[in-house]
Amino acid sequence: MALISSILALRRDARILKIPPYLSALCIVIGIAWLLVLPLNEYSRNTYVSENALLPGQVHTYFTGSEHNVFRAYRQEVHAMIDRPVEERSQRLGDIFRSNNLKVATQKYSYHVSNRTIANENVYAILQGPRADATEAIVLIGAWKNMDDEVNNSGVALVLTLARYFKRWSLWSKDIIFLVSGDSTTGPQAWVDAYHDGHDERYVESLKIKSGALQAAVAVDYPAGPWGHRYDKLHVLYDGVNGQLPNLDLFNTAVQIASSQMGIGCAIQRMFDHRDSYKERLQTMLRGMVSQGLGHATGPHSSFIPYHVDAITLSTVGDGWHDEMSLGKTIESLFRSLNNLLEHLHQSFFFYLLIQANRFISIGTYLPSAMLIAVNFSITSIALWVASGRSTEPIPNPASTAPPKDDSAAKKDIAALSTESRQPEMELVEQDDHKALVPKASTAITERHLLFPLLSVLTIHFLGLIPLYMFNTWGAENLSRLYLTFANGTTLLPLVIAWFLSELRPLSTQEVTLIQCFSLLLLGMILAALATLNFSQSFLIGVLATPLSFVRKTNKTWLTAIQLGFLAVLNPVMVAQWSAKLLGADLQEVLVLAAQGWHVWGLWTQVTVWLIWFPAWVLGSVVVAGGVMEGGLVG
């Protein structure tokens, strides 16, 4: 009787195995719906300053009057340097810093990326705080060129003016470093790497002078020309490399000082006309997620965040009535607040999503959405693991022996013969003094053969190193051709692998199931871990990879064609192309910047794409393509 109960339980398990696809789909729907409700007031909060020592906006600023004339003079000098050689420009900037009794040094850097040489020179000066012991420092950055490749004329002039202005005050309890970098990304990265002795001396020169531990950094992007330009708002940039973020207290302090003390409106994620509607909140959040998911540098501040140095960039936008003096006062008040700190910023959030300059979502609220997406892969992999241990032979019901009802004697004879031929092979089993006659298929033990599926999954993931290496080392002039080759080759790759396996060693149903099981298990585990480090990247890749939970090997021609076509569109290589068009970016330039990010910024987005997402896509596509070789499209 116990064995009969076990057989009935097996039948119930077979019905239970039909639930996981629906459960996975439910996790995906809830995960996406969870994200869509986050901009609502019930799931977001107003920003606030946690660190009381900052006291934002509580000081009187004195940057006014005669400093305006100094700024105008420096702006003209900076404009005169635009067409000068780098060495001459650095010499003149150094002379200006020296005239204000600051310690000055230069740093040369030269990177060779994609057959392009990125070479320039940084100039920096150190103001030793009268009340400091050279153990802590704050950095003020004015990149020579901003992210739009415009000369940061007024921004550099403002840094020079503030250096002269700050030198006259005796209230500084921290050193202040003034950095004029050669560009907005490579220069700051070279400088901060050398500051922490994390640079390669073959490409980056070591720093001649240093100060204490960096507490925070603020960059100024103000590209107004020699005659100035009044701006409307401040665009606060805060995204760091690999989706890392500064402490929210620094962002909140800058916004509170600019908006409350100076009356300057603040914008984020290029949402310059934010009316605080649900649509605009959602759009702001999604733009932030895309930026963090890509992991690229968004300004001079981005290079500092991986070193646990909280940093932001203040960029002027629009046409309004604010001028350089209001921006100078904002920076003065911000530095006065940072000067009050007794310890590193730590009380506020390091993981958050901003939906407006004064409203955010904490990690405890948004993290479940990415986790639900990752869990759907784990649910499917567990179901596939259970299915791989079940016999492929159907277990018949021995109780169903009654022939179809019919009054005809001839049909009864035929039904009897048919019933007799359908009788399963039976086996006498005994347990606890009970005997039962059960179908032999129900007691068969199916052994899982793990070696080939494991080797297949590991091999495909290992082969992801090939495109990872090629896209990061080939010359810029060849990247477009390399991309086209991979776009065409990877689309056909699953069919080629499936054909090769069918000719060399046809896979059993169990091996196909285990390959898909291990692939999805690995994908789900990595995305779940990644969600705690870069939520946006985990969520975006998880959503794009969700079809892998539902595609299966089948001999139906139309279903196989639909699955392969859908997977071809979601090929990571093709996703790069159509997403670049949606974002209005040049794919060639994106590939070059990705290679630059790999060599200079330490970008890990390529690792996630080529070693995690792409192998999972290949394995899922190969499983589907296996149906083609067994009579689907060419059979």
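Of the 635 residues of the chain, 51% count as buried, where buried means under 20% relative accessible area, exposed over 50% and partly exposed in between, with a 1.4 Å probe and protein chains only. The model is predicted: local features need pLDDT of at least 70, side-chain atom pairs count only at pLDDT 80 or more, and totals for chains, interfaces and linings use all residues. Residues are numbered from 1 along each chain as its sequence is written, and side-chain values use heavy atoms, with hydrogens and water left out.

**Whole chain**

Begin with the chain coloured by secondary structure, which comes to 20 helices and 13 strands. Helices (H or I, at least four residues) and strands (E, at least two) are DSSP runs, numbered from the N terminus. Among contacts with a separation of 6 or more, 82% link residues 24 or more positions apart; contact here means heavy atoms within 4.5 Å.

**The sheet of 8 strands**

Select next the open sheet whose 8 strands run in the order E2-E3-E5-E4-E6-E9-E7-E8, with mixed pairing. Two strands pair if DSSP finds at least two bridges between them. At the edges are strand E2 (103–113) and strand E8 (265–267), each of which pairs on one side only. From one strand to the next, the twist averages 25°.

Within this sheet, E2 and strand E3 (residues 116–127) pair in the antiparallel sense over 11 bridges.

**Two residues with positive phi**

Most residues other than glycine have a negative phi. Select Ser114, in the loop between E2 and E3: its phi is near 55°, a positive value. Ser114 is buried, with a relative accessible area of 4%. Move to Asp197, in the loop between H6 and E6, which also has a positive phi, of about 55°. Asp197 is exposed, with a relative accessible area of 58%.

**Helices H4 and H5**

Select helix H4 (residues 86–99) and helix H5 (residues 153–167), which pack at an angle of about 25° with their axes 9 Å apart. Axes are lines fitted to C-alpha atoms, for helices over the stretch in contact, and angles run from 0 to 180 degrees between N-to-C directions. H4 and H5 are therefore roughly parallel to each other, a term for angles under 35 degrees. To find the contact, display Leu93, Ile96 and Phe97 of H4 with Val156, Leu160 and Ala163 of H5.

**The sheet of 3 strands**

Turn to the open sheet with 3 strands in the order E1-E11-E10, in which the pairing is antiparallel. Strand E1 (45–46) and strand E10 (352–356) stand at its edges, each with a single partner strand, so one side of each is left without a neighbour in the sheet. E10 pairs with strand E11 (residues 359–362) in the antiparallel sense over 4 bridges. Here Leu353 stands opposite Ile361 in E11.

Finish in helix H15 (residues 509–531) by selecting Ser519, which counts as buried at 4% relative accessibility. Which residues are in contact with Ser519, leaving aside its neighbours within four places in sequence? They are Val457, Ala616 and Leu619.

How values were computed. Angles under 35 degrees count as roughly parallel, over 145 as roughly antiparallel, 65 to 115 as roughly perpendicular and the rest as oblique.
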